[in-house]
Amino acid sequence: MKRVVTIGSLSNEKLVSYDEVQEKIMRQTLEALWFEGILSCDRTDRTWKTCGISSGGQPVIYSCEAEEKYSFGRIKIVKGSLKREGAPCTDLHLFLEELVLNHLDGPQVPSFIHELLETLAKDYQSRLVIPDCIPDQDRHYDALESHMTDGHPYHPSYKSRLGFSLEDNQTYGPEFNQKIHLYWVAVKEELMDTALSTGYTEEELYGQHLTEKDRQRFTRILEQEGDGSKYVLIPVHPWQWERKLGAVFTHQRINRQLIPLGTSESPYRAQQSIRSLSNRKRNDASYIKLSLSITNTSTSRILAHHTTQNAPRISDWLDDLIRQDEFLQREQFHILKEVMGVSFRYEEMSTVQYQSAYGTLGAIWRENISTYLLEREDAWPLNALMLVQKNNEPFIRKVIDQHGIKRWSEALIQTLVRPIIHLLYSHGIALESHAQNIILVLEDGLPKRMIIKDLHDSVRYVPNTLLYPQLAPNLHPEPETHRKFNRYSFIHAAHVSEVRDYTYDAFFFICMTELALTLEHFGLPEQEFWRQCAATIDQYQKEHPEYRERFEWFDLFSEEALIEEMTKRRIYGDSELFFRKVANPLRRAREGLL
């Protein structure tokens with residue numbers, strides 16, 4: 001039986017790791033509660049204080065050394081500075097009791113606390129297996145995905161993985177780098193929908209993942225268990241089959257509408273999103289993204305039917321625009337196309353079964369990064385740039401020492417900012433371009449170009465403000481049931497400001513801010529980082545006066561930016577949309593240039 005990495009008897013090293021995880025969760029929680037105005041604080045220079053409530057109803061003072069950053073007013077607490085009543089604060093449970101449970105009045109407070117405690121258990125468990133430094137043989141994209149262990153840099157419940165036990169976490173969590181085998185089921189063709197990208201065939205995409213032995217075995221099972229109908233094969237995450245689908249689809253199994261086939265031969269590696277897997281035997285095989293009925297960073301990881309069917313349409317549309325765009329061709333910008341989507345037709349179910357089955361049986365095939373890499377190029381997940389390894393060595397130190405912070409940061413900012421603002425200004429398109437969705441391509445350690453992935457529900461635009469509205473894809477609309485439980489997920493926006501704010505939120509507020517704060521440690525002042533960003537945007541606008549009107553529509557130099565309040569959603573629910581206006585560092589930096 002597999003040994004599960006648990007707390008057990010704690011050595012000094014394990015105690016240090018446990019305290020570090022507690023401290024990280026407390027810091028990120030307090031930073032978010034202050035930034036979103038959920039908790040008030042008193043500030044004296046760099047000392048920040050807030051008042052909690054003890055179990056006896058008495059006030060309790062928490063204090064720390066903190067700073068409101070130039071970057072959107074993000075709040076950063078100095079590591080190790082958090083205190084309770086003047087003594088070091090080391091107890092996450094007491095912290096949550098006094099600052100959250102006894103102090104905040106929201107319908108989701110208990111579930112918010114639950115997510116934080118699940119994050120504690122799973123992050124601590126993963127830290128016990130993290131190597132001191134990433135081995136040389138793992139410094140390639142697919143392996144690096146498994147080493148991205150920090151989770152969301154802002155979200156307090158950055159590794160909650162609700163639904164996973166500790167044994168599940170060890171088996172399927174990317175940090176543990178276990179070999180995972182896909183489970184396969186066959187579903188009657190009339191109950192499945194398949195969408196395919198131009199230039200690809202189902203046979204080709206299935207052939208990358210199924211061996212001849214797999215096919216022969218599955219054929220024998222269908223001959224024995226099926227009813228002679230035509231069936232469609234669909235890969236399933238093994239956890240999803242064991243913990244969800246076997247029970248949810250009982251009716252379909254009994255009626256031979258769904259036939260379990262078992263696991264295929266090829267081993268896979270979990271990417272940092274957990275539900276996307278890469279084939280360990282074929283480094284050119286497409287990645288497969290699977291429905292997974294867990295909640296991580298407060299988001300359900302199912303795959304809605306309309307997203308699987310829209311994925312190839314959105315990818316083909318964006319790919320065509322990119323190939324016809326001279327600017328993006330010069331930038332060597334690409335996307336990893338989502339080339340096939342498969343989903344069960346949930347509308348064929350009864351209302352009762354629909355509610356439990358929606359989004360649970362689907363998959364998306366995504367192009368492999370090797371499709372776009374040239375000789376001498378390396379590809380890194382962008383959040384590798386923020387990674388500090390267990391031995392306290394920043395992952396990027398070697399390449400910055402090689403090229404110098406000035407040259408390296410300028411290359412990075414140009415590489416990232418120019419394609420994103422061109423898509424926005426020229427085409428009227430915003431992408432959910434946070435660091436997990438961006439792949440940085442380097443040559444000899446220097447940033448060269450970027451590739452973006454995960455597009456099926458991460459695009460936003462106003463249809464009639466597109467540069468080429470006649471080319472926009474005809475999308476499957478999301479059902480009303482989907483809108484009810486995920487009001488933040490939509491593609492068609494009503495106003496251009498929503499498109500611009502999507503770029504602010506994902507790209508500038510999270511991604512670029514974290515880079516700015518990281519590069520501070522290498523001698524690049526935060527203000528200088530944003531000055532370079534502003535100068536890059538300003539230069540682009542001078543080069544493209546034909547978009548002058550669109551610069552006003554998608555105003556990146558507005559005085560304020562609208563940012564989603566993710567923590568308020570976790571505490572107060574989704575009955576209303578939570579956003580806040582914050583000072584825009586691009587505006588402040590540009591004013592310094594003028």
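This is a predicted model: local features need pLDDT of at least 70, side-chain atom pairs count only at pLDDT 80 or more; totals for chains, interfaces and linings use all residues.

Trainee: Why are strand 8 (192-196) and strand 9 (231-236) said to stand at the edges?

Mentor: The open sheet has eight strands in the order 8-16-17-12-11-10-7-9, with antiparallel pairing. Strand 8 and strand 9 each have a single partner strand, so one side of each is left without a neighbour in the sheet. The twist averages 25 degrees from one strand to the next. Strands here are DSSP runs of E of at least two residues, and helices are runs of H or I of at least four, both numbered from the N terminus.

Trainee: Which helices lie on this sheet, and at what angles?

Mentor: Helix 7 (residues 212-225) lies across strand 7, strand 9 and strand 10 (258-270), running at about 165 degrees to strand 10. Helix 10 (residues 305-324) touches strand 8, strand 16 and strand 17 (362-366), and its direction makes about 160 degrees with that of strand 16. Contact means heavy atoms within 4.5 Å; axes are lines fitted to C-alpha atoms, for helices over the stretch in contact, and angles run from 0 to 180 degrees between N-to-C directions.

Trainee: What is the strand order of the sheet of four strands, and which strands are its edges?

Mentor: The order is 15-21-20-18, with mixed pairing. Strand 15 (334-335) and strand 18 (377-381) are the edge strands, each pairing on one side only. Within that sheet, six bridges join strand 20 (residues 438-443) to strand 21 (residues 446-452), which run antiparallel. The bridge partner of Ile439 is Ile451 in strand 21. Helix 14 (residues 405-427) lies across strand 20 and strand 21, at about 25 degrees to strand 21.

Trainee: Why are helix 14 and helix 17 called oblique?

Mentor: Angles under 35 degrees count as roughly parallel, over 145 as roughly antiparallel, 65 to 115 as roughly perpendicular and the rest as oblique. The axes of helix 14 and helix 17 (residues 526-543) come within 9 Å and cross at roughly 45 degrees. Helix 14 and helix 17 are therefore oblique to each other. The residues of their contact divide into eight nonpolar, seven polar and three charged. In these classes, Ala, Val, Leu, Ile, Met, Phe, Trp, Tyr, Cys and Pro count as nonpolar, Asp, Glu, Lys and Arg as charged, and the others, Gly among them, as polar.

Trainee: What makes helix 17 roughly perpendicular to helix 20 (residues 585-593)?

Mentor: The axes of helix 17 and helix 20 come within 8 Å and cross at roughly 75 degrees, and that makes helix 17 roughly perpendicular to helix 20. The contact has nine nonpolar, one polar and three charged residues.

Trainee: How is helix 16 (residues 496-519) placed against helix 17?

Mentor: The axes of helix 16 and helix 17 come within 8 Å and cross at roughly 130 degrees, which makes helix 16 oblique to helix 17. Their contact divides into ten nonpolar residues, one polar and one charged.

Trainee: How do you know that the rings of Tyr183 and Trp241 are stacked?

Mentor: Rings of Phe, Tyr and Trp (its six-membered ring) pair if their centres lie within 6.5 Å; planes under 30 degrees apart count as stacked, over 60 as edge-to-face and the rest as tilted. By this rule the count comes to 32 aromatic pairs. The rings of Tyr183 and Trp241 have centres 5.0 Å apart and planes at 10 degrees, so the pair is stacked. Tyr183 lies in strand 7 (residues 180-188) and Trp241 in helix 8 (residues 238-248), so the pair ties together parts that are 58 residues apart in sequence.

Notes. Residues are numbered from 1 along each chain as its sequence is written. Side-chain values use heavy atoms; hydrogens and water are left out. Two strands pair if DSSP finds at least two bridges between them.
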